[in-house]
Amino acid sequence: MTLINSPEAASRLARTIISDIAIYNREKVLSGIKNDNVFDLLEKELNEGLELYKSRVAADVDRTNNFYNRAIVDILIKRNGDIESDIW
């Protein structure tokens with residue numbers, strides 16, 4: 001399989017992976033944000049997603065996994081800003 005060499009494609013892949021995690025783990029996301037432990041609850045899924053991301057994206061395109069980390073914030077956190085939580 002050819003590695004992704006485009007920053008735009010790497011960003012899209014990261015957003016797709018995180019979107020899938022959010023969809024398939026909706027209850028964990030809601031509970032995690034509400035109780036300020038979303039990263040603990042989704043640790044396994046997020047690590048698996050990161051490994052998939054790394055396996056598909058050329059290392060020189062995103063050395064620090066910024067696209068993946070940004071997708072976590074944009075999709076898991078910001079999109080759920082309406083959930084009542086002590087973290088905001």
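Helices (H or I, at least four residues) and strands (E, at least two) are DSSP runs, numbered from the N terminus. By that criterion the chain holds 5 helices and 0 strands. The order of elements from the N terminus is α-α-α-α-α. The model is predicted: local features need pLDDT of at least 70, side-chain atom pairs count only at pLDDT 80 or more, and totals for chains, interfaces and linings use all residues. Residues are numbered from 1 along each chain as its sequence is written, and side-chain values use heavy atoms, with hydrogens and water left out.

The overall dimensions come next. Along the principal axes, the C-alpha atoms fill a box of roughly 40 × 20 × 20 Å. Burial was assigned from relative accessible area (buried under 20%, exposed over 50%, partly exposed in between; 1.4 Å probe, protein chains only). Of the 88 residues, 40% count as buried. Contacts were defined by heavy atoms within 4.5 Å. Among contacts with a separation of 6 or more, 69% are between residues 24 or more positions apart.

Helix H4 covers residues 43-56. The expected span of a helix is 1.5 Å times one less than its number of residues. For the 14 residues of H4 this gives 20 Å, and the end C-alpha atoms are 20 Å apart, which agrees. The buried residues in H4 are Glu45, Leu46, Gly49, Leu50 and Tyr53. These residues lie on the same side of H4, because they cover an arc of only 135 degrees around the axis. The arc is that of the directions from the helix axis to the C-beta atoms. The cover over the buried residues of H4 includes helix H1 (7-24), helix H2 (26-34), helix H3 (38-41) and helix H5 (66-77).

Aromatic contacts were examined next. A pair of aromatic rings is described by the distance of the centres and the angle of the planes. Rings of Phe, Tyr and Trp (its six-membered ring) pair if their centres lie within 6.5 Å; planes under 30 degrees apart count as stacked, over 60 as edge-to-face and the rest as tilted. The whole structure contains 1 aromatic pair. Tyr53 and Tyr68 form this tilted pair, with 5.7 Å centre to centre and 40 degrees between the planes. The pair links distant parts of the chain, with Tyr53 in helix H4 and Tyr68 in helix H5, 15 residues apart. Tyr53 counts as buried because its relative accessibility is 1%. Tyr68 is also buried, at 2%.

Salt bridges were searched as well (a side-chain nitrogen of Lys or Arg within 4 Å of a carboxyl oxygen of Asp or Glu). The structure holds 4 of them. Lys28 and Glu45 meet at 2.7 Å, N to O. This pair links distant parts of the chain: Lys28 is in helix H2 and Glu45 in helix H4, 17 residues apart. Lys28 is partly exposed at 33% relative accessibility, whereas Glu45 is buried at 14%.

A second bridge joins Lys44 to Glu48, with the closest N and O atoms 3.5 Å apart. Lys44 and Glu48 are 4 residues apart in helix H4, so about one helical turn separates them. Lys44 is exposed at 58%. Glu48 is partly exposed at 47%.

Another bridge connects the side chains of Lys78 and Asp74 (3.5 Å, N to O). Lys78 is exposed, with a relative accessible area of 59%. Asp74 is partly exposed, at 22%. A network of salt bridges links Arg15, Asp74 and Lys78.

Leu76 is found in helix H5. Leu76 counts as buried, since its relative accessibility is 1%. Beyond its neighbours within four places in sequence, Leu76 is in contact with Ile18, Ala22, Val29, Ile33, Leu42, Leu46 and Ala71. One of these, Leu46, is itself among the buried residues of H4. The C-alpha atoms of Leu76 and Arg15 are separated by 10.0 Å, although the two residues are 61 apart along the chain.
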